[in-house]
Amino acid sequence: MHWVAIRMLIGDRVKFFGLVFGVTFATFLMSQQVSVFVGIVGRAASQIIDVRDASIWVMDPRVRHFDEAPSLPTGDLQRVRGVEGVQWAVPFFKGQVLANVDSGLPRSVILEGLDDNSLVGAPQQLIAGNLSDIRRPYAVIVDKAGYEYLWPKEPIRLGREFEINDRRAVIVGVCKASPPFVTLPVMYTRFNETLAYVPTRRNLMNFVLAETMPGLSSAEVSQRISRQTGLLAITQDHFFWNTIKYMLSSTGIPVNFGITIALGFIVGVAVAGQTFYLFTIENLKHFGSLKAMGVNNRRLIGMILLQALSVGALGFGLGVGLTAMFFIQTNQITHLAGLHLHWQAVAGVGGAVLVIVSLASLLSMRRVLFLEPAIVFRGS
Amino acid sequence: MESAIGSSLLAPMTRGFDSPPPEPKGALEVQPAIRCRGLAKSFGTGETRVHALRGVNLEIMPGSITLLVGPSGCGKTTLISIIAGLLDPTEGSLEVLGHDLISLPAGRLVDFRAKNLGFVFQQYNLLPPLTAAENACLPLLVAGVPRRTALAAARSALARVGLEDRAHSLPSQLSGGQQQRVAIARALVHRPRLLVCDEPTAALDAQSGQTVLELFSEVAVEPDRAVIIVTHDNRILHYGQRIVYMTDGRVDRIESKG
C-alpha cells in the first residue's frame, strides 16, 4: 500500500508542492540561520583557534573573553616559565590600533604581536610572501580579507607601506586567517615591533602562550600555573568556549538568531501542518473507503507517516541544497567568507524537520484513526 | 467468463474468513448469508436520541440480489453499515457468513471485511491519482497480494465489466458509468462472498444505471455470494430477486420473485 500512499500524496499537485515548499522554506531558513549564527559566534574566538602551536593561554584572572585582556607585567612571563611542566612560554599581544593607508583615512585593525624568536601564533598559511620576512624591520603580515578591506580592488603588492599609529609599516606577506567577529583586518608583527606601534602602554603583553612538557596534560599544567602565579591559565579549548559563552550571554545575537530560527520552525509547522491536514481532510472519503475495504489503522497510520516523511525528506533535501548553494555563492564575498553550512546545523535542522512533519501528521493521524468507516455510505 | 489468472489467484480468498463454519451434515439446504435478529441502532442520548433501526429481523440468502428500499431516513444505510461491520448495533444479533459479527474482535472484523466483503459506493470512491486497474486491485493489495499479481487480476476484473481498454485511464478520464463499472470491478476482484452496494445508480443517468444493474446481474450474482443493494431508484427494482421495504427503522415487507 506504500505506493498508493505516495500516489495519493503527489496526485494533488498543488497541495504536494505547497507541502514541499513549506518544509523547504523552513529548512532553508533554519539551516542558513543556524550556520550563520554558529559562524558569527565562532568568529568571536577565531583568533584563539588560529594559534595552533600553544595549548595554554595565561592571562589576567579577570579576563572574560579574548577582546578584553589587560596587560600583564613582564615578570609574569618568567613566573610562568618557572612552573614545573611548562616546556616553554612566550609573550603574545593582541590589541586594536589605527592604521593610515593611502586614502588617508584611519582604519581600525587588529594587531597581534608574536614572540620575536619563536613566532608562536604566526599565521599558518601565507598566500603571498614568506613568514621569515616578518623578522625584517617594520614588517607586517596582513590577512587577505584585511588587505582587500584596506586596499579594495587592488592586487596584492608586497612592500606596500602604510602607517600604524604614525609609525611606518611594510606589508611583507598576505595570509589566510579566520575572520574576526568585527570584520577588521588582522595584522601580525613581532612582539618587539608592537612596542613602536602601541607606544602608549607600559606593558604590552596581555597573554602568555605556553606549552607543556611531553606526557603532561594541558589542563593539569594550566592548574599548576594558576596555583603558582595567581594568573588565569586555561587550555586553548577552554578559552575558546569562555569567549563563546561570553558572546552568547552578553549580546543580543542568540536572541535575534533564535527568533529567526524559531520563525522558520513555526512557519514550517504552520504551512506543512495546515496543508497536510487539509490534504487528509480532502482524502477522508478515500481513507474511509480503504478502512471499509479492510485496511487497518496501523496500515493507515503507516501510509500517513510515509506521506509525511516523504514530504519531509524532499523538503529537507531541497532546503539543505539551497542553503549549500547560498554559502557557495557567498563564499567569495570577503565579509561573508568563512561562513559555511555546518553538519551539526544540518543534523539539528533534520531533527526539527522531523518534528515539523510529525506534528503536521499528528492531527491527520488522529482524524483518520477516529474516522468512522461508515462515512463511506453517507453519499457525497 | 472469468480468466484463468483471476480464478487461480483468487481461489484461496473465496474460502472466506479463516475457517468457514461447517455445513450441517447431510443438509443440502442453503444457509442464509445474513441473519439479523432484533437489530436496533440509536444515535445520541436523552432527548436527542434518534432510533435509526428498531428491531430489524432479516435473512438474506446467497445467490441472489436483494434490494433494500425505502424513504430517506428509514434506516437502509444504517442497516447495511451494520451488516458490513462498519457500525455496531445497539441491540440484537447479527450473523454474517456464519460469523457473529457483533462479538468479533475489532482486528478480526477488519480482516473479515477485507476477505469477505466487496463495496460499491454511490460516489464510486475511486482514488483519483490511481488508474482504473490500480483502483480495481486495491482489495487484493489490502489482502497482501503482490502488486503485479493484483494488477493482472484487476485487468481481468475490468475485462469482465467491459473496461479492458480503459485499464490505464484515470477516474477523471472516465464517465460516471465507467467509473461505477471500475468500482464494481474493484468490489469483485477478490471474489467476496458479500457485496454491499449503496445507491450504485444514484449518480448515473438512466442508461448508465441500467447498464450497471445488468452488469450486477451478469457478474456479481454467484451461488455463494449475497448481493445487497440499497436504492431509491424505482427503475431498477425488477433486477432484484428479493425486495426489502423499510419504513421508520423497521422492515415493512419483503417481496420475493420466483
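Predicted model: local features only at pLDDT ≥ 70, side-chain atom pairs only at ≥ 80, totals over all residues.
## Ground rules

Local features here need pLDDT of at least 70, side-chain atom pairs count only at pLDDT 80 or more, and totals for chains, interfaces and linings use all residues. Residues are numbered from 1 along each chain as its sequence is written, chains are lettered from A in the order in which they are written, and side-chain values use heavy atoms, with hydrogens and water left out.

## Where the chains meet

Let's start with contact, meaning heavy atoms within 4.5 Å: 30 residues of chain B touch 24 residues of chain A. The buried area is about 2,400 Å², and carbon and sulfur atoms give 68% of that. Buried area is the accessible area (1.4 Å probe) that two parts lose on being put together, summed over both.

How many salt bridges cross the interface of chain B and chain A? The rule (a side-chain nitrogen of Lys or Arg within 4 Å of a carboxyl oxygen of Asp or Glu) finds one. It joins the side chains of A:R7 and B:E134, at 2.7 Å from N to O.

## Helix α2 of chain B

Helices are DSSP runs (H or I, at least four residues), numbered from the N terminus. After α2(B) comes B:G85, with a positive phi near 75°.

Notes. Helix = DSSP H or I, 4+ residues; strand = E, 2+ residues; numbered from the N terminus.
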